[in-house]
Amino acid sequence: MIKHLSLSLVLAAGLTTAACAREADTPQTSDPDITTLVQDETMGAGATAYDFPDDAWRDLDPEDTLYIETPHGRIVVELAPEFAPTHVERIKTLARAQFYDFLVWHRVLDGFMAQGGGARGNPNHRTDLPSLNAEFTVRRGAELPVSELQDRVINRGSGSASAKAGFWNGFPAGTQTLAAAALTGDGMINSWLLHCTGAAAMARTNDPNSAGSQFYITRGDAEHLNAIYTVWGRVRAGQDAVNALRVGTLGQDPGFVPDTIDSMRIAADLPEAERTPVQVIDTQSAAFTAYLDSLRNAAGALPDVCEISVPTRILE
């Protein structure tokens with residue numbers, strides 16, 4: 001059983017609202033089943049060669065894949081309904097209603113995030129639908145597996161409390177150790193998706209339960225938002241388009257002309273010929289475990305989870 005909470009009791013202490021949001025071509029090989037370049041567009045340049053068997057790759061579910069069209073190209077976002085079901089449903093509802101079409105990226109801060117969903121004449125533009133309850137964490141058991149690769153500070157802006165960090169389905173995630181489930185009253189623990197580069201999350205006011213329609217995608221360090229903003233997806237292709245969005249804040253920076261959200265669509269609603277066939281490495285596979293081992297330093301330690309590329313590829 002999975003339960004969704006706005007704040008866990010463990011995480012709530014010391015976590016305060018942060019000042020974030022108010023309301024590339026993938027290299028192909030002649031035989032991708034044998035050798036594939038490790039590519040994670042959220043990590044920028046520097047792909048390295050690594051062998052992954054074909055059965056270690058998984059396709060994105062078209063029903064849980066969002067296409068954001070921009071003047072700089074398509075952004076492909078994988079949705080995470082297991083962690084943020086009501087936020088994912090809201091994004092799908094609004095995308096299918098073409099709500100976001102021709103709205104703008106009204107607040108783009110270099111090295112931080114790009115916020116979209118405002119209008120040229122009103123940066124605070126939002127849907128008339130009711131506000132959403134926060135889904136900062138999910139309360140889970142072993143049926144929603146999150147790997148425990150390293151100890152990590154939960155929120156660098158709110159003290160030194162730490163937990164485990166690893167991956168769920170290719171999403172960087174933080175979690176209480178599963179061993180602690182034996183000590184909880186309901187046999188479950190708290191987990192959350194991390195604000196690594198490429199995280200897609202919901203904007204809100206100081207009220208945790210005020211998210212409506214505005215969202216943001218991280219372009220750099222946003223660790224102070226972990227577990228206090230709802231992450232509902234992750235960029236799988238097109239982070240270069242996110243990074244190319246014009247920097248500025250509408251209504252504050254003179255002369256700033258924001259880029260447009262040309263459209264937002266769910267992949268399942270498009271003809272197959274118009275879809276981007278992205279595959280992601282299964283982070284529960286033996287091949288990914290071997291890949292992680294290749295990244296360990298002489299002492300056996302891994303890089304920070306936000307610095308580990310989750311390989312992706314686009315099929316032709």
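Arg313 counts as buried, since its relative accessibility is 3% (buried means under 20% relative accessible area, exposed over 50% and partly exposed in between, with a 1.4 Å probe and protein chains only). The model is predicted, so local features need pLDDT of at least 70 and side-chain atom pairs count only at pLDDT 80 or more, while totals for chains, interfaces and linings use all residues. Residues are numbered from 1 along each chain as its sequence is written, and side-chain values use heavy atoms, with hydrogens and water left out.

**Exercise 1.** Work out which parts of the chain the salt bridge of Asp110 and Arg219 ties together.

*Solution.* First, the contact: the two side chains meet at 2.9 Å, N to O. Then the places: because Asp110 lies in the loop between β8 (107-109) and β9 (113-116) and Arg219 in the loop between β16 (215-218) and β17 (231-237), the pair ties together parts 109 residues apart in sequence. As for accessibility, Asp110 is exposed at 61%, whereas Arg219 is buried at 10%.

**Exercise 2.** Describe the disulfide: which cysteines does it join, and where are they?

*Solution.* Look for a pair of cysteine sulfur atoms within 2.5 Å; the count comes to 1 disulfide. Cys196 is joined to Cys306, with 1.9 Å from S to S. These are distant parts of the chain, 110 residues apart: Cys196 is in the loop between β14 (189-193) and β15 (199-202), and Cys306 in the loop between α4 (286-295) and β22 (312-314). The angle about the S-S bond is -70°, and the link is left-handed. Both Cys196 and Cys306 are buried.

**Exercise 3.** Which backbone atom does the side chain of Gln176 reach?

*Solution.* Gln176 sits in the loop between β13 (171-175) and β14. With a relative accessible area of 18%, Gln176 is buried. The side chain of Gln176 reaches the backbone nitrogen of Asn190 at 2.7 Å.

Terms used:
Helix = DSSP H or I, 4+ residues; strand = E, 2+ residues; numbered from the N terminus. Polar contact = N/O pair within 3.5 Å; in protein donor to acceptor, adjacent residues only side chain to side chain. Salt bridge = Lys/Arg side-chain N within 4 Å of Asp/Glu carboxyl O.
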